[in-house]
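Q: Could you take a close look at one part of this model and then show me how the surroundings are put together? I would like to see the packing details in a connected account.

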Amino acid sequence: MKELTLYYRLVFLTLNVLYFWPGFSAIDFSGSCIYLPIQSSERMHTYATVLQEEIEKRSGLQWTITNKFECKKIIALDHSPLPDLNKEGFSIRISNNQDSVIIHGFDERGVLYGIGYFLRKITAINGTIEVPEDLKIITNPAYEIRGHQLGYRPKTNAYDAWDRQQFDQYIRELAFFGANSIEIMPPRTDDDFTSVHMRKPAAEMIVDQSKICDAYDLDVWMWYPNMGSDFSHPDSLKKELDERHRVFSSLPRLDHLFVPGGDPGELDPSLLFGWLDKVSVVLHQYHPNAKIWISPQVFRPTAAWFEVFYREINKKPDWLGGVVFGPWVEVPLEVLRGKINKDIPIRRYPDITHSLSAQYPFSKWDLSFAITLGRECINPRPVDEKQIHNVLARYANGSISYSEGTNDDLNKFVWSAQDWNPSTPVIETLRDYSRLFIDPLHYEAFAQGFLSIEKNTRGPLASNTEIESCLKQWQALEKVTTPEVKEKFRFQMGLIRAYFDAYQYYRYYSEKERENRVKNLLSAASETTVTDDLQRAISELKKPINHPASYLKERCFNLADDLFESIGAQLTVEKHHAMKGRGNFIDQIDLPLTDAPFYLDQLGYIEELTSSNAKINALEKLLNRDNPGAGGFYNNLGDQVSWARVILHDSLVNDPGNLRTPRVSFGVGMIGEEWVHEITPQGFRGQATPLAWMNQITTLYNTPLEIRYDQLNPKQRYKLRVAYTGRFRSKQKLAIDGVLIHDYLQTGLEPIYEFIIPEETYQDGKIELKWTCPEGERGTQVSEIWIIPIP
């Protein structure tokens, strides 16, 4: 215990040294007033009130708003165009005699962003406001569109549990980091109309959201998919237009309408543009200046689809605001930019909320985390988000993120900071986030703590020692923070990930040790002991493991309850009423991390065999399922080691959405289902499957998958065994060095195929395997390859 206490002290001496460093200078502005010029607008008074309220929340101080210079120290708010400022820009400086902070916006919005920046940099706590002595900045936003989607619908993992006040506070906080747009949703989407969490109907809440945004002068966008079944019949069109009359007329403010081409509501562009002509008439009855934006999102695109889309978009209808680049857009952003007229804006719609089966998945994620954290876990990815933002930012006019709840909270603020200034270091944003939202006394430790969570996801789980270090950092924070800080949902979100990740780390070793014991037992089986050995192995695999780190799991359960209370986060289905596969990663906390389910299934089958000899032969086949034989080759393509064989034609860093490069994906398809999101050891006809089938290498759309082998023996005959598993159904064909091995096969029907490798393809000892898809398919998927010598 003494060693642990010493560790905690060392952590905070290191991480917070800057805060206590004698050279750090701050000015006491505790007894300040907020100054507004006498003829300030109602919105300027709103902004002043925002500053007043945020100061009181954090320090307990009640600053007055005045139009007189009656206080010893003032925070002055004003706006007017200045030479170094552009639209929405601001400057902050401290007067020479250090009695005033002047926040000056180019326009009124600029004042709001200046207030946000001011709040991010000060230390406000316990009746004290300290302003850094060197606080001085002149800054303008790099991109004109900066925002996030806040959909009030059951599919989200938290938003449907919010009331108006929570939306107001969250929208305000997003603005503090430069957001100028909030995207809402209509009552009818690809979702249920209501949930047990909703405080009021969606039709009423979106009105509140619109009003909140208007009070802060933030642009209101609406994502409105085409959910109708027929967009050609007059009766169906009337029904759809009547709905839009009701929605548009109810909103006090609507600046932009975003209509996706698909995902959901797929509509051929030959119908889409004519339909939007009609929608625009309705829209402009209530919001005359609103614009309509369209995305070429489509699950199974064709060249003909895009040809019509490009032709129609380049006609530039009067209602057109621009094009949206989001998930399931086949063409890379730079290609899209080149296909549409230069004067048509592009808005990015980045998926910052999902970790797999996503536009920007974790790169080469460890399977154990994919199984347990799943698609929609709490996922702070600050370094990733900056890289994803910046590599493509030059092709667009900004972004509004795709979000399904609070799980991506930190990512939103990183993305907004980059939309304002792409050169902003990630650590600066993390410090601002931690100082403003969590604890100004330990902001450095929190900033480093969030970075450590992202490091947990790098590389194989089994060898990632960062996970233990991360847990210690967050446990140290638990010890030194106040009860008030512990109740903040952003602290709870970081803490639960630290405990969850550590639990998986320790659990993996326990489960792997048991799996190895069972394999050793079965490997030693003989015809006289095999029946007893099978029973012992089955009993061992069924027996619960008493994990020495089970207290970590209990802490996760408690924190899940805390997050439900603090922010409405729904991390379990039964207790917190989450939608399955939508944020309920705590339900997955004990999913198997080894091949135990597959072995149990196979051992049950082997146990039924009648002869000991048959059982021994079946066991040998099971234990050697990945053995290609002497002189052969085997690769599990979900394993990072196997990527050395993958041929890349572009950098993964430059292609974060993997539209030109392969990715590791997860899931085993089920017959009759288009795709799966949950990663479970079950597939095809419902049978248990090996872990190797649960992850695979994937390419999207028409991008080929190419894999190289060398050092084959030209005098040896070989056969190819290949496993085609993956989360979606597709068609793919295989050629080796240009020789067709098989034509298009429908994946998702059978897992394993075998083919003879033509001898003429490896006379130089090398082969290149190339998988391709026909037009309109979703991509290639290959999980395992055996190259087996033929005797």
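A: A202 belongs to helix α6 (residues 202-216); helices here are DSSP runs of H or I with at least four residues, strands are E runs of at least two, and both are numbered from the N terminus. The model is predicted, so local features need pLDDT of at least 70 and side-chain atom pairs pLDDT 80 or more, while totals for chains, interfaces and linings use all residues. Residues count from 1 along each chain as its sequence is written, and side-chain values use heavy atoms, without hydrogens or water.

With a relative accessible area of 7%, A202 is buried (under 20%; exposed is over 50%, partly exposed in between, with a 1.4 Å probe and protein chains only). Leaving aside residues up to four places away in sequence, A202 touches Y152 and P187 (contact: heavy atoms within 4.5 Å). R153 is 49 residues from A202 in sequence, yet their C-alpha atoms are 7.1 Å apart.

Let's move on to the sheets. Six strands make an open sheet in the order β3-β2-β4-β6-β5-β9, and the pairing is mixed (strands pair if DSSP finds at least two bridges between them). At its edges are β3 (65-66) and β9 (137-139), each with pairing on one side only. Inside this sheet, β5 (residues 90-94) and β6 (residues 100-105) run antiparallel and are joined by five bridges; here I92 stands opposite I103 in β6. Helix α3 packs on the sheet, where it touches β2 (32-35), β3 and β4 (73-79), and its direction makes about 145° with that of β4 (axes are lines fitted to C-alpha atoms, for helices over the stretch in contact, and angles between N-to-C directions run from 0 to 180 degrees).

There is also an open sheet of three strands, ordered β1-β8-β7 with antiparallel pairing. Its edge strands, β1 (26-28) and β7 (123-125), each pair on one side only. Ignoring direction, neighbouring strands in this sheet are turned by 20° against each other on average. Three bridges connect β7 to β8 (residues 128-132) in the antiparallel sense, and T123 faces E130 in β8.

Helix against helix, α19 (residues 530-542) and α22 (residues 612-623) pack at an angle of about 50°, their axes 10 Å apart. V530, T531 and L534 of α19 meet S612, K615, I616 and L619 of α22.

Finally, the rings. Phe, Tyr and Trp rings (for Trp, the six-membered one) pair if their centres lie within 6.5 Å; planes under 30 degrees apart are stacked, over 60 edge-to-face, the rest tilted. That rule gives 45 aromatic pairs. Y224 counts as buried because its relative accessibility is 2%, and F248 does so at 0%. F500 and F585 are another edge-to-face pair, with centres 5.2 Å apart and planes at 70°. Because F500 lies in helix α18 (residues 489-523) and F585 in the loop between α20 (550-567) and α21 (596-607), this pair ties together parts 85 residues apart in sequence. Both F500 and F585 are buried.
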